[in-house]
Amino acid sequence: MAFSVLGSAGIVQADEWKEGNITISTNGNVLTVSGTGDMKNYSKIQEWSKFNGKITEIVVENGVTSIGDLALSNFIAVEKVTIADTVKYIGKKAFSGCPMIKAINIPASVDEIGDCAFSTTVGNASNLEKITVDKGNKFFTVEDDILYNISKTVLYKVPSKLNIEKLDVISSVNSIKPEAVTNCTSLKEVNLPVNVNRVGERAFNNCKNLQKVVVNNKDCELAIKSIPDNEGLELYGYKGTNVELYAQRNGYSNITFVPLAECTAHKWDSGKVTKSATCTSTGVKTYNCTVCKATKTETIAKKAHSYKNYITKATTSKNGSIVNKCSVCGAKKSTSTVYKIKSVILTTSTGSAFSTTYYNGKVKTPGVSVKDSAGKTLKKGTDYTVSYESGRKNVGRYAVKVTFKGNYSGSKTLYFNIIPKNVSGIKKLTARSKGFTVYWNPQKTQVTGYQIRYSTASNFKNAKTITMPKAVYSAKKVTGRMANKRYYVQIRTYKTVKFNGKNYNIYSPWCAKKSVVTKR
């Protein structure tokens, strides 16, 4: 040990042990295994376990290639374990006696797991809920939260907190590891199919509610204490086999041996589904011999995925997506982008952009064009709906609301103007001394009045504007201008309307310009 400091509250501050190229250290409540190569295998609990009530997390870092036998056992407060993907071997009883561990993940690199690596012997308690195996591991697999070798011939571990009352061991299994099913207190019945030829020591230790075990293999070896001596437990097997001798050999008094009838040829019933197949795991169908009550199981193939589209709707500012995935397990089949809405415009009947139209006494209903950021034109009724403000006949400003639907969400409101008819033009423009008079034919329908503008520049730069507030006007005298100067003149109509509670003038375009030279 290189150094050790113990805090005033009894929490480990720092400790370190060197074992060849491997360092075991503690810092706070975390124990870390670092370095390169293999840890040693141990035959007894090591010195660093003296802090077993303080350490709550164990981290095995990259570079470490094995976790030695008994190396990290008896840490009774550890809840979290992280194993680097350089580890190939997890030793015998490596994490035994760590009852608070809730989950174990087996990296893709692991190719061997020793007996009782995750068993619990401290106080016959365990919180292990879940075992997972990284994708790409060629030696181990998990089905229905149970750990097997890749070919599913060896059952390594059933998490103690897995809530099952009946365990129908799958038909491919031929051996069950020592202490593989310890502390499964919900378990009441176990069926071992004909392929199972060995059940390891203490395999079902502390399964205190286990009441029935059926062994269908005449040559199956039940290791010492593999089946617990629970009061009232019935052990089914064939007469004259190891199963019948098991209770006598171990001096058990609570186990009752129940003989299975001999059959020259089993007569199987139609079978019962004892575990339904899903899209993530196979199911089990169990058959019973109507003569001898022997059982056999067969695997039910996985169900097909039930695919469904899950839509994140696009808006005017953000892309959406369509994810096609299984509604049961979440497996993704495809993902596609729903591109955001880029443009929403009003259009004429020919498809060109629209913002204003002249009053003609008829209702105006412009079209709508919506495109996404990929240039696709969206479909009315499928991707959006359109609602128009009532009226849309008289001069005024009108709203068109586009509401997105389907794969899109949100809305956008557009506006267009119905503008008044203009005068037909300037009827007459006569010169006056330092001024002029402009005449026009009045436009009285849907018109409030007129505007006249004039300027010495043909582009009407710095133009002056006169407002004529009544539609009945037809002439205007302009005086006080420069003598012998050419003036350019235009006229337009306007109508005052209410918009958002305020008066709003809507103008026609300016009529064609005329010019006049003022007199002296």
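User: Let me start with contacts: which residues does Y156 touch, not counting residues up to four places away in sequence?

Analyst: Contact here means heavy atoms within 4.5 Å. By that rule, and leaving out residues up to four places away in sequence, Y156 touches I113, F140, L147, Y148, N149, K177 and A180. Before we go on, please note that this is a predicted model, where local features need pLDDT of at least 70 and side-chain atom pairs count only at pLDDT 80 or more, while totals for chains, interfaces and linings use all residues. Residues are numbered from 1 along each chain as its sequence is written, and side-chain values use heavy atoms, with hydrogens and water left out.

User: Where does Y156 lie, and is Y156 buried or exposed?

Analyst: Y156 lies in strand β15; strands are DSSP runs of E with at least two residues, helices are runs of H or I with at least four, and both are numbered from the N terminus. For burial, the scale is relative accessible area: under 20% is buried, over 50% is exposed, and partly exposed is in between (1.4 Å probe, protein chains only). Y156 counts as buried because its relative accessibility is 16%. Y156 and P178 are 22 residues apart in sequence, yet their C-alpha atoms are 8.1 Å apart in space.

User: How many cavities of 30 Å³ or more are there?

Analyst: The search uses a 1 Å grid over the protein atoms alone, and a cavity is a set of points where a 1.4 Å probe fits but cannot get out; lining residues have an atom within 4 Å of a point. Grid points are joined across faces, edges and corners, and the volume is the space filled by probe spheres set on the points. The count is two cavities of 30 Å³ or more. The largest has about 80 Å³ of space, and Y156 is one of the residues nearest its centre, along with G114, C116, A117 and K157, in a lining of 14 residues.

User: Now salt bridges, please. How many does the structure hold?

Analyst: Side chains of opposite charge can pair when their charged atoms come close. The rule used is a side-chain nitrogen of Lys or Arg within 4 Å of a carboxyl oxygen of Asp or Glu. The structure holds 13 salt bridges. One of them joins the side chains of K130 and D145, at 3.1 Å from N to O. This pair links distant parts of the chain, with K130 in strand β12 (residues 130-133) and D145 in the loop between β13 (140-143) and β14 (146-149), 15 residues apart. K130 is partly exposed, at 41% relative accessible area, and D145 is also partly exposed, at 24%.

User: Which residues are linked in a network of salt bridges?

Analyst: K166, D168, E189 and K212 form that network. Within it, the side chains of E189 and K212 meet at 3.9 Å, N to O. They connect distant parts of the chain, since E189 is in strand β18 and K212 in strand β20 (residues 212-215), 23 residues apart. E189 is partly exposed at 23% relative accessible area, and K212 at 27%.

User: What else lies in strand β18?

Analyst: N191 does, in the run of residues 189-192. N191 counts as buried, because its relative accessibility is 4%. Not counting residues up to four places away in sequence, N191 touches L167, D168, V169, V214, N216, T295 and T297.

User: Finally, what is the order of strands in the open sheet of four strands?

Analyst: Strands of a sheet pair through backbone hydrogen bonds, either parallel or antiparallel. Two strands count as paired if DSSP finds at least two bridges between them. Here the order is β5-β7-β9-β11, with parallel pairing. The edge strands, each pairing on one side only, are β5 (37-38) and β11 (112-113). Two bridges join β5 to β7 (residues 64-67), and G37 stands opposite V64 in β7.

Conventions: 1 Å grid on protein atoms, 1.4 Å probe; cavity = no way out; pocket = protein on both sides within 12 Å on 5 of 7 lines; lining within 4 Å.
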